[in-house]
Amino acid sequence: MELVCPAGNLPSLKAAIDNGADAVYAGFRDDTNARHFAGLNFSDRSLEQAVRYAQERGRKLYIAINTYPQPSGFERWKNAVDNAAGLRVDALILADMGVLDYACERWPDLRLHLSVQASVTNAEGIRFYHENFGIRRVVLPRVLSIQQVAHVAQESPVPVEVFGFGSLCVMVEGRCLLSSYATGRSPNTYGACSPASHVRWEESKDGTDTRLNGVLIDHYGPGEKAGYPTLCKGRFRVGEHTFYALEEPTSLNTLAILPRLREIGVAAIKVEGRQRSPAYVAQVTRVMRAAIDHCLRDGDRYQPDGQWMRELDSVSEGSQTTLGAYHRPWQ
Amino acid sequence: MRLSLGPISYFWPREQVLDFYRQAAASAADIVYLGEIVCSKRRQLGPEDYLDVGEALRAAGKEVVLSSLTLLEAASELGALKRLCANERFTVEANDVSAIQLLSAAGQAFVSGPSVNIYNQRSLRLLAAKGLRRWVLPVELGLATLRDLQAERPEGVETEVFACGRLPLAWSARCYTARSFNLPKDNCQFKCIEFPDGRLLQTQEGEDFLVLNGIQTQSALTHEAIALLPEFQAMGVDVLRISPQSAHTFRIVELFDAARRGGDLAALRTELLTLLPLGACNGYLHGLPGMDHGAPQAA
């Protein structure tokens, strides 16, 4: 079970590798990847250093080019594929059929992973990408129960990677347009959800309003800690009630089900958070490394350590975690 | 320019669905999409019922397409999809790549729905070679991209645009309608049937923002593009889609029918805006946030 960790810059990449990541994933500094945030990601030159740092230590580097180009931008995605391939990274993580088609034609030996942004939740969907583009791994969306993950893994023509920790998308990835509905920018088109450019914090004597392009996502009373206005994690009114109608601010945490994931035969556990700090990457990588090592060694006797859980809670959204869709009652 | 009725996205009682399609048979719609696209627990009509409805519509001169479930999770859902794709009577609208895989493997021509991500010419070309004969523009894409894609559209592929209806914005493992009653999905008590146009979600300031429709989230505002009809025609768009709502759908079809026959677009649009549950939007087509309403088109 490979541990795949996020890196938004070189210090994070080093933190991931120094703390036990088997592989690191990263992206270029533009809209070709789904963490297109100001000040984040890699230039061609910093990526060269990243490749060297990873390869000298026997670790892998994957490059995410996992947004959906429109005709006017397609050349930029091709260039991203070519640049990553030229640096001899270990794999590309792709979502768009057109980009996959280009990559497998131009770089037939390059290893391709299917991004979670491709939104594939079953074996027939995986087969499409396997037969047409020769993908060698699929990252599953965070919408399947653990039994469903097991079933897909068993039927899939390629190994599966699942999310193990980090911010939780509650909508199936790659088909969520909530962000562009409010701001014009979505993960698919722009590589960002609820982009900071459209966020406004308004303080008053009644507390704090958080807005996304003017839409009130949440209101916090005086003294209440205000969170980032991610669209699906605000408090809204439905019927008579005002509540977290879609999801609370919370992070996914799979420490409790690692033995089950191992038994299912998942190839890799992914940590979300390329937008987070090197300190976050270091801490989460260290905990996940320890947990996976224990799980592989102790088998059924494995129990998540209380200290690990506290550490992960402390860096989670809303300081709380969930098993998300893996756990049926969550749905 | 042909008009289509998209699949019913809500959970309506059986009689209401059957009545809707009796009206559809007599309407000006040229194409009718049938089937459950949101939730496999909704079984007021079964697969055989849809085939019967389809035959009746075909007899009334309609092109009939069976729409597939959008988000598949359970093995049973994949089984149902396999049976749908193996039907030999009607074309299937693939709303997930798994349906494309099954249909292309079986050598069946297919339509791709709005939640299949075709964002560029290379994807379109690739799917055309797999048997795509019509595609629906993903709803977050605008006129500029549509124009570029039309310019390179492969031979034999028709283009359809979502032209009126609440926008399908997101799909989840979680049922938000059930959640709004503090119920889990596995014991949802079929609450969706109480909301024939979905359940409204407002901001804390009372702004109508989204609509909860089971595991699907829609826009609260209705996307409308009637005044853009001449532009669609000029670009060679083949079909405009009207997404069913619980009231006025067939009046809306009449308005679009009048529009394609050269009616006064400004007047038709004025009436259309009075028929939408909570107001209109169409920002996506203008490269704006989807909830925006672009400047009224000169008509």
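This is a predicted model: local features need pLDDT of at least 70, side-chain atom pairs count only at pLDDT 80 or more; totals for chains, interfaces and linings use all residues.
1. Chain B has a mean pLDDT of 97, and 98% of its residues reach 70 or more. For the model, the scores are ipTM 0.97 and pTM 0.97.

2. Now look at where the two chains touch. Chain A brings 68 residues to the contact, and chain B brings 68 residues too. The size of an interface is often given as the accessible area lost when the parts come together. Here the area buried between chain B and chain A is about 5,700 Å², with 57% of that coming from carbon and sulfur atoms.

3. What about polar links across the contact? There are 41 residue pairs in polar contact between chain B and chain A, counting pairs with both residues at pLDDT 80 or more. On chain B's side, helix 5 (residues 121-130) gives the largest share of the part that touches chain A, with 6 residues. Sorted by class, that side of chain B has 35 nonpolar, 19 polar and 14 charged residues.

4. Next, the charged pairs. Side chains of opposite charge can pair when their charged atoms come close. A search of the whole structure turns up 52 salt bridges over all chains, and the count between chain B and chain A is 7. One to look up joins the side chains of A:Arg175 and B:Asp96, at 2.9 Å from N to O.

5. Another salt bridge pairs the side chains of A:Glu105 and B:Arg122, at 3.1 Å from N to O. This pair crosses between chains, running from helix 4 (residues 97-106) of chain A to helix 5 of chain B. Are the two partners buried or exposed? A:Glu105 is exposed, because its relative accessible area is 57% and the cut-off for exposed is over 50%. B:Arg122 counts as buried, because its 11% is under 20%.

6. Inside chain B, have a look at B:Glu63 and B:Arg2, which form a salt bridge with their closest N and O atoms 3.7 Å apart. B:Glu63 sits in strand 3 (residues 63-67) and B:Arg2 in strand 1 (residues 2-5), so this pair ties together parts of chain B that are 61 residues apart in sequence. B:Glu63 is partly exposed at 22% relative accessibility, and B:Arg2 is partly exposed at 26%. Both residues belong to a network of salt bridges that also includes B:Glu93, B:Arg133, B:Arg134, B:Glu158, B:Glu160 and B:Arg241.

7. B:Glu254 is partly exposed at 43%, and B:Arg251 is partly exposed at 33%.

8. Last, a loop residue. B:Asn87 is in the loop between helix 3 (75-85) and strand 4 (91-94) of chain B. B:Asn87 counts as buried, because its relative accessibility is 12%. Where does the side chain of B:Asn87 reach? It comes to 2.7 Å from the backbone nitrogen of B:Arg89. Setting aside neighbours within four places in sequence, B:Asn87 is in contact with B:Leu51, B:Leu66, B:Val92 and B:Gln108.

Key:
Residues are numbered from 1 along each chain as its sequence is written. Chains are lettered from A and ligands numbered from 1 in the order in which they are written. Side-chain values use heavy atoms; hydrogens and water are left out. Contact means heavy atoms within 4.5 Å. Buried area is the accessible area (1.4 Å probe) that two parts lose on being put together, summed over both. A salt bridge is a side-chain nitrogen of Lys or Arg within 4 Å of a carboxyl oxygen of Asp or Glu. A polar contact is a pair of N or O atoms within 3.5 Å; within protein, one must be able to donate a hydrogen and the other to accept it, and residues adjacent in sequence count only if both atoms are side-chain atoms. Helices (H or I, at least four residues) and strands (E, at least two) are DSSP runs, numbered from the N terminus. Ala, Val, Leu, Ile, Met, Phe, Trp, Tyr, Cys and Pro count as nonpolar, Asp, Glu, Lys and Arg as charged, and the others, Gly among them, as polar. pLDDT is the predictor's confidence in each residue, from 0 to 100. Buried means under 20% relative accessible area, exposed over 50%, partly exposed in between (1.4 Å probe, protein chains only).
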